[in-house]
Amino acid sequence: MFLFLISALRYKQFFTPINLINLFRQSSIIGVIAVGMTFVIITGCIDLSVGAIVAVCGILAARMCTVNIVAAILVPLCVGALIGIINGTFVTKLEVPPWITSLSMMMCLRGIAYIMTNESSVNVEKVSPAFQMIGRGKILGLPVPGILFLLFVVIGTYGLKYTRFGRSVYATGGNREGARMMGIRIDKTIILSYMLCGIGAAMSGLILASRLGAAQSTAGELYEMQVIAAVVLGGTLLTGGVGHMPGTLFGVFTMSMITNIFNMQGNISTWWQNVIMGFMILAIVIMQSGLEQIKMKKSEEEAIC
C-alpha cells in the first residue's frame with residue numbers, strides 16, 4: 001500500500017487507467033506461474049524450470065496456432081503438465097533434491113528451446129482472433145491475461161482452503177513424516193503440485209506468445225527468480241507449510257509495481273531490478289528464518305514449563 005501511494009504521488013501517469021490496465025496485464029505473466037509455485041513451495045519444494053517451460057510452450061503455441069487453435073492451447077498446457085509431473089517424479093520417486101531436479105530440467109528445456117528455434121524468433125503469422133484474445137484481448141475493459149490470472153488465483157485459493165488436496169499440501173510442507181503417518185500420499189501431493197506449476201508456466205508462455213505475436217528461445221529468462229520473489233514476498237515460507245494465495249497476489253502486484261516504477265522513471269537501468277529482487281529475496285528469507293527461530297524458542301520454553 002505504501003509503495004502504491006508513493007508511486008501515485010510521484011508519477012502522475014501511474015494512476016491513469018491505461019497504466020493500471022497495463023500493470024494488470026503485466027502482472028498476469030508472472031502471476032499465473034506464481035499460483036502454481038505457491039503450491040510447490042508450501043510442500044517444501046522449489047521449481048527453477050518454470051522460465052524454460054514458458055519458452056518451450058510459447059514456441060509450441062506459436063508454431064501450432066496457425067494450424068489448429070485448439071491444439072495450440074491444449075498441447076502446450078499438456079506439455080507443461082507433463083514436465084511438472086516429471087519434475088515431481090524425480091523429486092519423490094528418485095529422491096533427487098528439488099533444486100537439482102528443476103535446475104537440470106531448466107538447462108535441458110532451455111537447450112531444447114534453442115534447438116527448436118535455431119536461436120531465432122518464431123513469428124506468428126495470420127494469427128486467429130481466438131489466439132490474439134489470450135494475450136491482447138479485453139472483456140468489459142479488463143485485459144484477458146489479467147482475468148486469467150485472477151481465475152487462477154480463485155481456483156488456487158479454493159484448492160488450498162477447501163479441498164483435501166490443499167490440506168495435504170500444507171501437511172506435506174509442515175511435517176512430512178507426520179503427514180505420512182496420517183495416511184497422506186506425500187508423493188502424489190508433490191507431483192500434483194509440480195504439475196500445477198507446469199500448467200501455470202505453460203499458460204504464461206501462451207499469454208506471452210499471443211501478446212508479442214512471436215516466441216523466442218530466451219523468453220522467460222529469470223522468471224523463476226521473479227516468481228519465487230513474489231511468492232515469498234506474499235508470506236509463503238521457503239521451508240514449507242505456510243502460505244496463501246492472497247499473499248501471492250499481493251507479492252505479484254508488488255513486483256509488477258517495482259518494474260512499472262522503473263519504467264516510468266526512465267533513467268534507471270532495468271538491471272537494477274535484478275539487484276533489488278536479489279536483496280529482497282535475501283532479506284525476506286533472513287526475516288523468515290528469524291521468525292522461525294523465535295517460534296522454536298517459544299515452543300521449547302512452553303515445553304519446559
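In this predicted model, the sulfur of Cys78 lies 9.8 Å from the closest cysteine sulfur, which belongs to Cys57, and this is too far for a bond. A disulfide would call for a pair of cysteine sulfur atoms within 2.5 Å. Cys108 is likewise in no disulfide; here the nearest cysteine sulfur, again that of Cys57, is 13 Å away. For the structure as a whole, the count of disulfides is 0.

Cys108, with a relative accessible area of 43%, is partly exposed.

Attention may now turn to Leu222, a residue of the loop that runs between strand E4 (214–215) and helix H11 (223–233). The relative accessible area of Leu222 is 38%, so this leucine is partly exposed. Although Leu222 and Val50 are 172 residues apart along the chain, their C-alpha atoms are separated by 9.2 Å.

Arg164, Arg167, Arg185 and Lys188 together form a positive surface patch. One of these residues, Arg164, is placed in helix H8, which covers residues 164–174. Arg164 counts as exposed because its relative accessibility is 67%, and the cut-off for that class is over 50%.

Key:
Residues are numbered from 1 along each chain as its sequence is written. This is a predicted model: local features need pLDDT of at least 70, side-chain atom pairs count only at pLDDT 80 or more; totals for chains, interfaces and linings use all residues. Side-chain values use heavy atoms; hydrogens and water are left out. Buried means under 20% relative accessible area, exposed over 50%, partly exposed in between (1.4 Å probe, protein chains only). Helices (H or I, at least four residues) and strands (E, at least two) are DSSP runs, numbered from the N terminus. Patches are made of residues with over 30% relative accessible area and no salt bridge: like charges are joined within 9 Å, nonpolar side chains (Val, Leu, Ile, Met, Phe, Trp, Tyr) within 5 Å. Accessible areas come from the Shrake-Rupley method with a 1.4 Å probe; for residues, only the protein chains shown count as cover. A salt bridge is a side-chain nitrogen of Lys or Arg within 4 Å of a carboxyl oxygen of Asp or Glu. Lys and Arg count as positive and Asp and Glu as negative; His and the chain ends are not counted. The place of a charge is taken as NZ of Lys, CZ of Arg, CG of Asp or CD of Glu.
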